[in-house]
Amino acid sequence: MDGPPAEDSTHLTWANVGLGFSFILFNAAVSTSLNLGVGSSLVSSALRCIIQLAIVGLLLQRVFDTNNPWAVAGIAFLLNFMGTIEVVANKSKKRFHNMFLAVLLSMLGSTISVSIIGARYAMAVEPFWKPAQYIPIVGMLCGNTISGIVVAVTYVLKEIYDNRDKVEMYLAFGASRFEACTPIARDALRLALTPIINQMSVIGIIAIPGMMTGAILGGASVSQAAKLQMIIMFMLSASTALASIVTTVSCLATVVDSEHRVRPDRVDVRQYTIWRARDWLVDKIVGEVKTLGRTVISCCTRKPRNENGHGETARLLG
């Protein structure tokens, strides 16, 4: 007797998603009861996750159906562009001049080159841009690259902006900017690559990664899934390292100029432009609403006054 089709056992509905969302609600309730202050962040992040994945699901399905290399290239660029926005606008408290362009170029140069070489030669995908294989690879590379860039840039700008005495001392004693910044760059790259190194060291024995699990659930043999995961991990480490190096060098070259001077004026510690514009717009709208509310209340509570006084009232009554 034949069993049910494989796809029926993994068919999920929005009711299943709602059940999964209950775990987030539980975490938010625990956070609220313990006064951890992360309950609202959990819920908002989960809602953002639902919206983003729903949009991506609809968009990717169309790309998979068209099987067009230009559509695949557009999705790859969009993933890197959105990743750059996440790094510059949301993850970085300090930014250097032209950081957006530097991060975008470093992400494109690392994720696209590594994904093409890895998909074509290491994974033997023909053609390499096959949507079902290439787009998930670029997405994973972007996610890990973001983490590496954020860690590296955060450390560099903290050392240059908050603890710049050591660098200035090196420069004052005649060291070039390369010699003065090398220890900072080395420590920043070490911190950026530590998570991926730790992940590779425990993968398989302690943790079974998502890519391998997905391949097994998709029907691949365990041996093939393990080899696929090895290749993916090596690609992740290469992409993270390349992007972190390029961004770190760009950051140091900006905040320590060619005259061997530390330039804290090239570091922006304010909120990103779009968030400052958002706050200004919200304050403007709230101010207008308050003004309108005070005007309405004043009009409603104002008593009508009779210009002729009681004499006119008596005359009308008579």
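This is a predicted model: local features need pLDDT of at least 70, side-chain atom pairs count only at pLDDT 80 or more; totals for chains, interfaces and linings use all residues.

Visitor: Let's start with the backbone. Which peptide bond is cis, with omega near -5°?

Guide: Most peptide bonds are trans. The place to look is the loop between helix H5 (99-122) and helix H6 (131-162), where Pro127 sits. The cis bond there, with omega near -5°, runs from Glu126 to Pro127.

Visitor: Now a helix, please. How many Å does H3 reach from its first C-alpha to its last?

Guide: Helix H3 covers 39-66 and has 28 residues. At 1.5 Å a residue, 40 Å is expected for H3. The reach in the model is close to that, at 41 Å.

Visitor: What do the buried residues of H3 pack against?

Guide: The buried residues in H3 are Gly39, Ala46, Leu60 and Val63. Their packing partners are helices: helix H2 (14-34), H4 and H6.

Visitor: Which residue just after H3 takes a positive phi?

Guide: Most residues other than glycine have a negative phi. Just after H3 there is a residue with a positive phi of about 55°, and that residue is Asn67.

Visitor: On to the pockets. Which helix gives the largest share of the lining of the largest pocket?

Guide: The largest pocket has a volume of about 1,200 Å³ and is lined by 29 residues, with Gln52, Leu53, Val56, Leu79 and Met82 nearest its centre. H3, helix H4 (69-91) and H6 each supply at least two lining residues. The largest share, twelve residues, comes from H3.

Visitor: How many residues in the lining of the largest pocket are charged?

Guide: The lining of the largest pocket includes 18 nonpolar residues and eight polar ones. The charged residues there number three.

Visitor: Which helix gives the most to the lining of the second largest pocket?

Guide: The second largest pocket has a volume of about 230 Å³, and among the residues lining it are Arg177, Phe178, Ile245 and Val249. Helix H8 (177-202) and helix H10 (222-255) each supply at least two residues of that lining. With six residues, the helix that gives the most is H8.

Visitor: By class, how many residues in the lining of the second largest pocket are nonpolar?

Guide: One residue of that lining is polar and one is charged. The nonpolar residues number nine.

Visitor: One last thing: how many Å separate the C-alpha atoms of Thr273 and Ile75?

Guide: Thr273 lies in helix H11 (residues 273-301), and at 46% relative accessibility Thr273 counts as partly exposed. Thr273 and Ile75 are 198 residues apart along the chain. Their C-alpha atoms are separated by 25 Å.

Terms used
Residues are numbered from 1 along each chain as its sequence is written. Side-chain values use heavy atoms; hydrogens and water are left out. Helices (H or I, at least four residues) and strands (E, at least two) are DSSP runs, numbered from the N terminus. Buried means under 20% relative accessible area, exposed over 50%, partly exposed in between (1.4 Å probe, protein chains only). On a 1 Å grid over the protein atoms alone, a cavity is a set of points where a 1.4 Å probe fits but cannot get out, and a pocket is an open set with protein on both sides within 12 Å along at least five of seven lines; lining residues have an atom within 4 Å of a point. Grid points are joined across faces, edges and corners, and a volume is the space filled by probe spheres set on the points. Ala, Val, Leu, Ile, Met, Phe, Trp, Tyr, Cys and Pro count as nonpolar, Asp, Glu, Lys and Arg as charged, and the others, Gly among them, as polar. The expected span of a helix is 1.5 Å times one less than its number of residues. Contact means heavy atoms within 4.5 Å.
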